[in-house]
Amino acid sequence: MFCRCFSFFGLCLFLPTQRVLALAAAKALPRTQTQEETPDPSGGHTSLRSSLGHGSSLQDRGTSLPGFENLTTGYNKYLRPNFGGEPVQIAMSLDIASISSISESDMPGWGGLNKDVFCPLSHTWGAPAVPQLCPAVPCPQDYTATISLRQRWTDPRLVFHGNRSFTLDARLLELLWVPDTYIVGSKSSFLHDVTVGNRLLRLFSNGTVLYASRITTTVACNMDLSKYPMDTQTCRLQLESWGYDESDVTFSWLGGSSSVRGLEELRLARFRLQRYRTLLASAQQDTGSYSRLILQFELRRNVLYFILETYVPSTLLVMLSWVSFWITLDSVPARTCIGVTTVLSMTTLMIGSRSSLSKTNCFIKAIDVYLGICFSFIFGALVEYAVAHYSSSQKCAAKVPQEGPANELTEEMEEVNITNILNNSITSYKQKISFTSIDISSDNVNCSDLTMKSHEKIKCVLRNKMHRIIGYFTIQNPGNVDHYSKLLFPLFFMVINVFYWTYYLYF
């Protein structure tokens, strides 16, 4: 009996205390409504009923929102506004916080360019705020951006009296209809949730809903690297509805180009922003035509880093290879050391310049062309010394065996008397008179002799032409090779540089 009386006395004290706490909480949150979820017998879904007007806590204080108590009666979050009628107009604006991690490497990522592999940004509240993993497919180059996406639309079912707006808890989004916006070409995306989910929900009296969220996304960007590192890349940030086509939802920029803010203040490490513009397009898919918003911006690469890192060292290596032209041909170790060292250094520089890009990248880039030119000049300087040294060796070798026969010939000529000279002269003169068309020479034979057969004439003609060609390419003075190389190598290198920089900078 004593226990029952004690329990009844405690219950009497507990109930008034709970009522006082509930009233205090209602007064502390005048702009946030307490809700209760009740099943709707007609639609079979959960509806949101406001407790405003059901008690005397706010109405008795003279609220300026009459009729707000029945705002969400019969609201179906699974049906868009104006269901079956005109499409919903979604106006958007963007704040670009940062653009980073612009990558030129071909990496497999999340998502792709097909509609069946993208993941929408919206997700059910209560689940972790992480992107849904999409099938991994090979994607082109990409960039990472942090943006604040703001979406506005009008829902006639949420109209209330007055001229005020209410900022609501973002968790109420799961009870309202929200457009299924997603980022086209996104490999991965996530919503920021520090310290709480970075989302905003604001309701206006005319039924306009403002939904803002802070997103970091990695988006594919097709890059043409044929002029790398003097290239200008055009990237896009595209927004589109995942499931609603143009007959249900249409997108538009809230204020044209002014709908995008923050790009002018961006400072990128390797790029600088040239220009940007906003576009409105229609994407044709197998499932219909979808409204699409496009932010297109151009990024020009900062070439100064590459000039100091690659172009200047390679040019200096080419100039170093020309030093060998001022070293004599007899200094074989010195000239060989310079040639081999510059070739190996240039090879190392070429390998290092390509290590920053993916090995699967098949572009022939502008920097590859320049390094190839420099390597050709360095290798040509090494070959030039090989040719000059070989010609000098052959000339020296040809002089040695000629000394013996020359002395013998001198002694024999001293023994020849005047009679033999006259006889030989007369005989030679008669031969020239009788056969004026025949010129006997050890190097060049006249092939117009009438007594020669046809195949012998052909052989004679070919032999004479070969002697002329060999004589044309024979280096008479190997020292002239270095002399001409001192002028031709720098001249050709300067001319090629003029054409190279003119083409890649202005065309």
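1. Basis. Residues are numbered from 1 along each chain as its sequence is written, and side-chain values use heavy atoms, with hydrogens and water left out. Because the model is predicted, local features need pLDDT of at least 70 and side-chain atom pairs count only at pLDDT 80 or more, while totals for chains, interfaces and linings use all residues.

2. Length of helix α7. Helices (H or I, at least four residues) and strands (E, at least two) are DSSP runs, numbered from the N terminus. Helix α7 covers residues 479–506, which is 28 residues. The expected span of a helix is 1.5 Å times one less than its number of residues.

3. Kink in α7. The helix has a kink of about 35°, centred on Ser-485. The bend at a residue is the angle between axes fitted to the seven residues ending there and the seven starting there.

4. Buried residues of α7. Buried means under 20% relative accessible area, exposed over 50%, and partly exposed in between (1.4 Å probe, protein chains only). In α7 the buried residues are Val-481, Asp-482, Ser-485, Phe-489, Pro-490, Phe-493, Asn-497, Tyr-500 and Tyr-504. An α-helix has 3.6 residues a turn, so residues three or four places apart point the same way.

5. Nonpolar patch. Tyr-484, Leu-487, Leu-488, Leu-491, Phe-492, Val-495, Ile-496 and Phe-499 make a nonpolar surface patch of about 800 Å². Patches are made of residues with over 30% relative accessible area and no salt bridge; like charges are joined within 9 Å, and nonpolar side chains (Val, Leu, Ile, Met, Phe, Trp, Tyr) within 5 Å. The areas come from the Shrake-Rupley method with a 1.4 Å probe, and for residues only the protein chains shown count as cover. One of the patch residues, Leu-488, lies in helix α7 and is partly exposed, with a relative accessible area of 38%.

6. Cis peptide bonds. Most residues other than glycine have a negative phi, and most peptide bonds are trans. Val-194 and Thr-195 are joined by a cis peptide bond with omega about 0°; Thr-195 lies in the loop between β9 (186–191) and β10 (199–204). The bond from Tyr-228 to Pro-229 is also cis, with omega near 10°, and Pro-229 is in the loop between β11 (208–220) and β12 (232–241).

7. Positive phi. Asn-82 has a phi near 55°, a positive value in a residue other than glycine. Asn-82 sits in the loop between β2 (46–50) and β3 (88–103) and is partly exposed at 36% relative accessible area. For Ser-101, phi is likewise near 55°, but Ser-101 is found in strand β3 and counts as exposed at 52% relative accessibility.

8. Strand β16. Of the 14 residues of β16 (residues 288–301), 13 are buried, so the strand is largely enclosed by the rest of the structure. Two strands pair if DSSP finds at least two bridges between them. β16 pairs with β12 in the antiparallel sense over 9 bridges, and Leu-295 in β16 is the bridge partner of Leu-237. β15 (residues 271–285) runs antiparallel to β16 and is joined to it by 14 bridges, with Arg-300 in β16 as the bridge partner of Arg-272. β15 and β16 form a hairpin with 2 residues between them.

9. Salt bridges. A salt bridge is a side-chain nitrogen of Lys or Arg within 4 Å of a carboxyl oxygen of Asp or Glu; by this rule the count is 13. One of them joins Asp-95 and Arg-261, with the closest N and O atoms 3.1 Å apart. This pair links distant parts of the chain, Asp-95 in strand β3 and Arg-261 in strand β14 (residues 260–261), 166 residues apart. Asp-95 is buried at 18% relative accessibility, whereas Arg-261 is partly exposed at 48%.

10. Arg-157 and Asp-155 form a salt bridge at 3.0 Å between the closest N and O atoms; Arg-157 is partly exposed at 27%, and Asp-155 is buried at 1%. Asp-169 and Arg-171 meet at 2.9 Å, N to O. Salt bridges that share partners join Asp-95, Arg-150 and Arg-261 into one network.
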